Amino acid sequence: MVENLPLKTLSHAGLTIEGYSRAAVQTYWRISELKLGFDLGAQPWDFMGTPNWFISHTHMDHIAALPVYLARRRMMKMEPPTIYLSGSAIAPLNDMLNAFTRLDRGKLPCKFVAVQPGDEIELNREYVVQIGESAHTVPALSFLVWHRKNKLKEEFQGISGTEIRDLRKDGIEVSSEQRIPILGYTGDTTVAGLDNMPELYQAKILITEMTFVAANHSKEKIKKNGHMHLSDFIEQQDRFENEVVIAAHFSTRYSDSFIRRTVEKALPGLLDGRLHLWL
Ligand SMILES: [Zn+2]
Ligand SMILES: [Zn+2]
């Protein structure tokens, strides 16, 4: 294990959230159980084995490590990874990768998949990622991971395995798909990004941003810059049905202790202990 970057970890509902996020510094998240990550602002050495990445937007603190990640995977003889992102970013990113290939004299293979709000990406039989639209200063996406299970329909509950088999043989659908939102990620956004895909408020775990906390900021300016303020969380506090809400991407103008004090004062109990400040 090589420790090259800061990293914080939280385990909940069978998922391990690892990541770091400070505005204008770098943002990266990984959930190894789902074999996926969000954003490539930097790339801890140990994240390289994760093959699927969802990019919220292309501000540098969310994308700058793409060539580094691709070069490491190629060096370690791993398959080219799949990068899901807004289609408008693909041509400029290819230009950037070509420039790095000239500088570094090494190929940077990867598979870009253009996605847009409303799309659904099937990761495998169990997990689907729904794409939403965040509200930021460049095209920005949010992501919601659904866990799907086939559940026996109510009318067939309590019948024997043989009977179920016979019904299936007759071509009768005995089960239906049940979906549970397990993980949401908004990237950088105003509160509109949450409202655009309200199921984000229901995900077991929500990773989102709270860039500003101090009282003396202009609300209009924060909104114009596509971010959230602590006051948005105060206004929306009854809407968060999540078991865990991770607030990250704090501005570097604050110290950790100032952020903790300010948020704890404004939201005593931190949403019944569900709100985690990623510091
Ligand atoms: Zn950012
Ligand atoms: Zn941004």
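Trainee: Which residue stands opposite arginine 148 in β11?

Mentor: Arginine 148 stands opposite arginine 179 in β11. Strands and helices here are DSSP runs numbered from the N terminus, with helices being H or I of at least four residues and strands being E of at least two. Two strands pair if DSSP finds at least two bridges between them. In this case β10 (residues 141-152) and β11 (residues 175-185) pair in the antiparallel sense over 10 bridges.

Trainee: What should I know about the model and its numbering?

Mentor: This is a predicted model, in which local features need pLDDT of at least 70 and side-chain atom pairs count only at pLDDT 80 or more, while totals for chains, interfaces and linings use all residues. Residues are numbered from 1 along each chain as its sequence is written, and chains are lettered from A and ligands numbered from 1 in the order in which they are written.

Trainee: In which sense do β9 and β10 pair?

Mentor: Strand β9 (residues 127-133) and strand β10 pair in the antiparallel sense, over 7 bridges. Within that pairing, glycine 132 stands opposite serine 142 of β10.

Trainee: How do I read the strand order of an open sheet, and what is the order here?

Mentor: The order lists strands by their place in the sheet; here an open sheet of 7 strands runs β1-β2-β3-β4-β5-β6-β7, with mixed pairing. Its edge strands are β1 (8-12) and β7 (111-115), each of which pairs on one side only. Neighbouring strands of the sheet are turned by 25° against each other on average, direction ignored; the axes are lines fitted to C-alpha atoms, for helices over the stretch in contact, and angles run from 0 to 180 degrees between N-to-C directions.

Trainee: How many residues lie between β1 and β2 in their hairpin?

Mentor: There are 2 residues between them, and alanine 13 in the turn has a positive phi of about 50°. The two strands pair in the antiparallel sense over 5 bridges, and serine 11 has threonine 16 of β2 as its bridge partner. On its other pairing, β2 (residues 15-22) joins β3 (residues 26-31) in the antiparallel sense over 6 bridges. There, tyrosine 20 has tyrosine 28 of β3 as its bridge partner.

Trainee: Where do side chains point in a strand?

Mentor: In a regular strand they alternate between the two faces of the sheet.

Trainee: Is threonine 16 buried, exposed or partly exposed, and what does it touch?

Mentor: A residue is buried if 20 or more other C-beta atoms lie within 10 Å of its own, exposed if 12 or fewer, and partly exposed in between, with C-beta atoms placed from the backbone. Threonine 16 has 13 other C-beta atoms within 10 Å, so it is partly exposed. Contact means that the C-beta atoms of two residues, placed from the backbone, lie within 7 Å. Leaving aside neighbours within four places in sequence, threonine 16 is in contact with Thr9, Ser11, Ile31, Ser32 and Glu33. The C-alpha atoms of threonine 16 and isoleucine 31 are separated by 5.6 Å, although these residues are 15 apart along the chain.

Trainee: Which residues of helix α2 are buried, and what do they pack against?

Mentor: In α2 (residues 66-75), the buried residues are Leu66, Pro67, Tyr69, Leu70, Ala71 and Arg73. They pack against β4 (36-40), α1 (60-63) and α3 (90-104). After α2 comes lysine 77, with a positive phi near 60°.

Trainee: Which other residues have a positive phi, and why do they count as buried?

Mentor: One of them is aspartate 39, a residue other than glycine with phi near 70°. Aspartate 39 lies in strand β4 and counts as buried because it has 27 C-beta neighbours inside 10 Å. Histidine 249 is another, with phi near 65°, in the loop between β13 (244-248) and α8 (256-266). Histidine 249 is buried because 26 other C-beta atoms lie within 10 Å.

Trainee: How does the radius of gyration of the chain fit a compact globule?

Mentor: The radius is taken over C-alpha atoms, and the globule rule is 2.2 Å times the number of residues to the power 0.38. For 279 residues a compact globule would be near 19 Å, and the protein chain has 21 Å, which agrees. Of these residues, 37% count as buried. The chain has 9 helices and 14 strands.
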